[in-house]
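Reader: Hi! I'm new to reading protein models, could you walk me through this one?
Author: Happy to, let's open it up and chat as we look.

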Amino acid sequence: MAESIEFFELNTGAKIPSVGLGTWNAAPNAVGESITAAVKIGVALKKVFEDGLVKREDLWITSKLWNTDHAPEDVPKAWTELCKTCNLTMLISHPDILPSTWRAMEALFDSGKARAIGVSNFSVKKLEDLLAVARVTPAVNQVEIHPVWQQPKLHEYCKSKGIHLTVPLEGILKNRILTTVAKKLGKTPAQVALRWGLQMGHSVVPKSTNEARIKENFDVFDWSIPENLFAKFSEIEQASIGNSL
Ligand SMILES: NC(=O)c1ccc[n+]([C@@H]2O[C@H](COP(=O)([O-])OP(=O)(O)OC[C@H]3O[C@@H](n4cnc5c(N)ncnc54)[C@H](OP(=O)(O)O)[C@@H]3O)[C@@H](O)[C@H]2O)c1
């Protein structure tokens, strides 16, 4: 019973791919390396476009607004700077933004430059505070959600406001229920965790720098977790991994 869920429609009408590639790989004390990696990815993307390997409009590229760019006048500058290397589709913000930061992001959306604007790691409380002052509802909240930290209240709240959830893979691949289900389906734990996300209605952005694992992570469309096995996920004891990026 395969489901066709290759895209999810956002509240802006734009269609976000249901599986993406997370590229942020900050490790403690390795921010410099991460920035270098991010710049390299931008340069690599530019070459991909120039070589005609893929058309710009065929890629959906999301970036987070850097914490030092929260002043409203810095937001359009940050957008322009990021677009120099990788032509963004959507800009998302960290939770500690000011109402004026969001207004500057709304202006980017109004101008048509950003096809969507969103947030990252926003709790229900943070979203309530933002929605109290926002003119444009965030299209996406990118946040830690996986079988071991399902966050049903946040999910329900976002659903009620039309906010789509994008989720990472996180370090849960040894979970007993996940590995048991994976074994039964003949899939890897990562594939089952990702497929769980898709069946919950979330887009998934697993980070990997390994070609075989990237391939594996995109092989999640022509099969699904049947209901009896899907129900097993409600038995998992919930715990945040807490690696919110
Ligand atoms: N983590 C959060 O709470 C959170 C919150 C908001 C937004 N995000 C965003 O979500 C994206 C991804 O999150 P993340 O960077 O925390 O990484 P992640 O997707 O949670 O996990 C990445 C880890 O899983 C491994 N991995 C990937 N595919 C695998 C597979 N098929 N089998 C086994 N291991 C696999 C990777 O190793 P290899 O590279 O060696 O394959 C890496 O160690 C990022 O862009 C981040 O900004 C994350």
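Reader: Which residues of α4 and α5 meet?
Author: From α4 you have Val124, Leu127 and Leu131, and they meet Lys153, Leu154, Tyr157 and Lys161 of α5. Keep in mind that this is a predicted model.

Reader: And what kinds of residues are in that contact of α4 with α5?
Author: Five are nonpolar and two are charged, with no polar ones.

Reader: How are those two helices arranged, at what angle do α4 and α5 pack?
Author: Helix α4 covers residues 124-133 and helix α5 covers residues 152-161; they pack at about 25°, and their axes are 10 Å apart. Angles under 35 degrees count as roughly parallel, so α4 is described as roughly parallel to α5.

Reader: Nice. What about α6 and α7, what's their angle?
Author: About 100°, with the axes 8 Å apart. Here α6 is residues 176-185 and α7 is residues 189-199. Because 65 to 115 degrees counts as roughly perpendicular, α6 is called roughly perpendicular to α7.

Reader: Which residues do α6 and α7 use to meet?
Author: On the α6 side there are Leu178, Thr179, Val181, Ala182 and Leu185, while α7 brings Pro189, Val192 and Ala193. That contact has seven nonpolar residues, one polar and no charged.

Reader: Okay, how do α2 and α3 cross?
Author: The axes of α2 (residues 74-86) and α3 (residues 99-110) come within 8 Å and cross at roughly 50°. That angle makes α2 oblique to α3.

Reader: Is that crossing left-handed or right-handed?
Author: Right-handed, as α2 passes α3. The contact itself is made by Val75, Pro76 and Trp79 of α2 with Thr101, Ala104, Met105 and Leu108 of α3. Six of the contact residues are nonpolar, one is polar and none is charged.

Reader: Switching topic: what's the strand order in the sheet?
Author: The sheet is open and has six strands, running β3-β4-β5-β6-β7-β8, with parallel pairing.

Reader: Which strands are at the edges?
Author: β3 (62-64) and β8 (203-204), each of which pairs on one side only.

Reader: So what does β8 pair with?
Author: Strand β7, residues 164-167, pairs with β8 in the parallel sense over two bridges. There, valine 167 stands opposite valine 204 in β8.

Reader: What holds strands of a sheet together, in general?
Author: Strands pair through backbone hydrogen bonds, in either a parallel or an antiparallel way.

Reader: Last one: how many residues surround the ligand?
Author: There are 27, and the closest are Gly22, Glu144, Pro168, Ala190 and Ser208.

Reader: Which helix gives the most to that shell?
Author: Helix α8, residues 211-218, with three residues. By class, the shell around the ligand has nine nonpolar, 13 polar and five charged residues.

Conventions
Residues numbered from 1 in each chain as written. Predicted model: local features only at pLDDT ≥ 70, side-chain atom pairs only at ≥ 80, totals over all residues. Near = placed C-beta within 6 Å. Helix = DSSP H or I, 4+ residues; strand = E, 2+ residues; numbered from the N terminus. Nonpolar A, V, L, I, M, F, W, Y, C, P; charged D, E, K, R; others polar. Axes fitted to C-alpha atoms, helices over the stretch in contact; angles between N-to-C directions. Parallel < 35°, antiparallel > 145°, perpendicular 65-115°, else oblique. Left-handed = near helix turned anticlockwise from the far one by under 90°. Contact = placed C-beta atoms within 7 Å. Pairing = 2+ DSSP bridges.
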